[in-house]
Amino acid sequence: MVITVFGLGFVGLTTSLGFAEYGHKVYGVEISPSRLSGIQEGRLPFLEPGLDEALTRHLGNRFFPIGTDQLQRAVAESDCIYYCVGTPYGKDGQADLTYLLGAIDQTLEVRDGNRYQVLVVKSTIPPSTTSQKIIPYLQEKGLKVGVDVGVANNPEFLREGHCWDDFIHADRIVLGVSDDRSAQVLREVYATVSEPVLCVSLNTGEFIKYLSNTLLATLISYSNEMSMVADTIGGIDVAEAFRILHMDKRWGGATMASYVYPGCGYGGYCLPKDTNALYAVSRSAGFDAQILHHVIDTNDHMPEFIAQKIIRAIGADKQQRIGILGLSFKPGSDDVRDTPSAKIIQALLDAGYNNICGYDPVAIDEFRNHYPLPIDYVADYDGILSESQALVITTAWPEFGDVRKRTDKPVIDCRYML
C-alpha cells in the first residue's frame with residue numbers, strides 16, 4: 001500500500017517508519033524546513049532508540065520525507081492519508097483542531113477525487129470530534145463520507161523514549177471507523193501484524209486513548225495526593241508505604257480488569273469504610289483530599305445514575321415486573337453490606353417502580369435480613385427469568401453470562417459482563 005503521513009514529530013515519524021517496516025511505501029510530509037532537511041539527510045530530530053536504525057533502513061527505500069511542494073504526487077498515489085499533527089489544548093481545555101483541519105485542507109486541495117481514500121486521524125482528539133466536527137467539515141466541502149472518502153481514527157499508545165518498540169510490538173491496535181470499506185482498507189495496512197486489530201466506532205476509538213491517558217494521570221495524581229495526606233497526618237514513611245503497597249498480589253498477579261472496570265459502584269465492608277475514614281482523618285488534620293472526596297461522591301451517585309439507565313431502557317410503564325439479578329456486593333460472596341443492588345432498588349422504588357423481584361445464588365437471606373425493602377424474592381435463576389418482564393444484572397455472577405441466550409426479554413447489563 002501507499003500511505004501519506006502528515007507531520008514528522010514523535011508520532012508521525014514513528015508511524016511513517018513503522019508502516020515502512022510493514023512493507024508499505026510511505027510519504028512523510030513535514031512543513032519545518034530544518035526538520036525536513038535533517039530527516040532527508042538521515043538525522044533524527046530527537047532521541048528515540050531504534051528509530052535511528054529504522055530511518056537508515058528505510059530512507060529512500062520505502063520512506064520518502066517530502067515538503068508540501070511534493071504533496072500532490074504523494075496524495076495521488078496514496079490509499080490512505082494519516083494525520084499526526086499537533087492538537088494542543090487551549091485555555092478552556094478544548095483541543096485546537098487548527099493544524100488538523102489545515103492538513104485536511106491541504107489534502108483536499110491536491111486530491112483528484114477519482115479514487116477512494118481513507119483520511120485517518122492519529123492525532124489525539126476528544127471523543128465525538130471525528131463524528132461531530134471532521135465529518136461535517138468534509139460534508140460542507142461536498143464530500144460524501146463512505147462514498148467519496150473514508151474517515152477513521154487510529155489512536156497511538158506510544159511512550160517517548162520507547163516509541164519504536166511500542167509501535168512494532170504494540171499490545172493492541174485500535175481502529176475507529178465510519179464504514180466497512182474504511183475498515184477493510186485499514187485492516188490491510190495492518191495485515192502483517194500479529195497483535196489484535198480492533199475495529200470500533202469512531203467515538204470509541206477516540207475515547208480509548210483518553211481512557212488510557214486519564215487513568216495514568218489519575219493514578220499519578222492519586223499517589224501524589226496520598227503523599228500529601230501522609231505528610232499532613234505525620235509520622236508516615238511515604239516511600240516505604242508505597243514500596244509495601246507495590247507488593248500487593250492484586251497488582252502483581254491480576255489483570256487490570258480486576259479493578260479498572262465499570263460497574264454499579266463499590267460496596268462491601270472495607271472500601272466504603274476505609275475510603276470515608278481516610279478522607280475524614282485527612283480533613284481533620286487540615287488537608288481536604290479532593291480525589292478521595294470525588295471518589296466517595298461518584299460512588300454515592302452511582303445508584304441513581306444506574307437507576308436512570310434502567311428506567312431509560314425499560315420505559316415509563318411502572319408496573320413492569322423488574323428482575324434484579326444479583327444481591328451481594330460482588331460475585332463469590334454472600335456479603336450484602338453496602339451492596340449497590342440495595343441502593344439501586346431503593347432508587348427504582350423512589351421513582352415509582354414498585355413491581356420488583358430479586359435473585360442471588362447465595363445472598364437472598366442475607367439481603368432480606370439487612371434491607372427491609374418491599375420486593376419479592378425468587379428462589380432460582382429459571383424462576384426469575386420466567387417471572388420478570390425486564391432483567392437487570394447488578395452483580396456479575398458467572399451464571400448470568402448466558403441470560404441473553406435464555407430469554408429475549410430486555411436485559412440491562414449494569415456490570416458490563418455480557
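**Helix α5 on the sheet.** Helix α5 (residues 98-110) lies across β1 (2-6), β4 and β5, and runs at about 155 degrees to β4. Contact means heavy atoms within 4.5 Å; axes are lines fitted to C-alpha atoms, for helices over the stretch in contact, with angles from 0 to 180 degrees between N-to-C directions. Helices (H or I, at least four residues) and strands (E, at least two) are DSSP runs, numbered from the N terminus. The model is predicted: local features need pLDDT of at least 70, side-chain atom pairs count only at pLDDT 80 or more, and totals for chains, interfaces and linings use all residues. Residues are numbered from 1 along each chain as its sequence is written, and side-chain values use heavy atoms, without hydrogens and water.

**The open sheet of eight strands.** The order is β3-β2-β1-β4-β5-β6-β7-β8, with mixed pairing (two strands pair if DSSP finds at least two bridges between them). Strands β3 (63-66) and β8 (197-201) are the edges, each pairing on one side only. Strands β4 (residues 80-83) and β5 (residues 117-121) pair in the parallel sense over four bridges, and C80 stands opposite V118 in β5.

**Salt bridge between K25 and E77.** The two side chains meet at 3.1 Å, N to O (a salt bridge is a side-chain nitrogen of Lys or Arg within 4 Å of a carboxyl oxygen of Asp or Glu). K25 lies in strand β2 (residues 25-29) and E77 in helix α4 (residues 71-77), so the pair ties together parts 52 residues apart in sequence. K25, R73 and E77 are linked in a network of salt bridges.

**Salt bridge between E387 and R321.** The closest N and O atoms are 2.3 Å apart. E387 is partly exposed at 38% relative accessible area, whereas R321 is buried at 10% (buried is under 20%, exposed over 50%, partly exposed in between; 1.4 Å probe, protein chains only).
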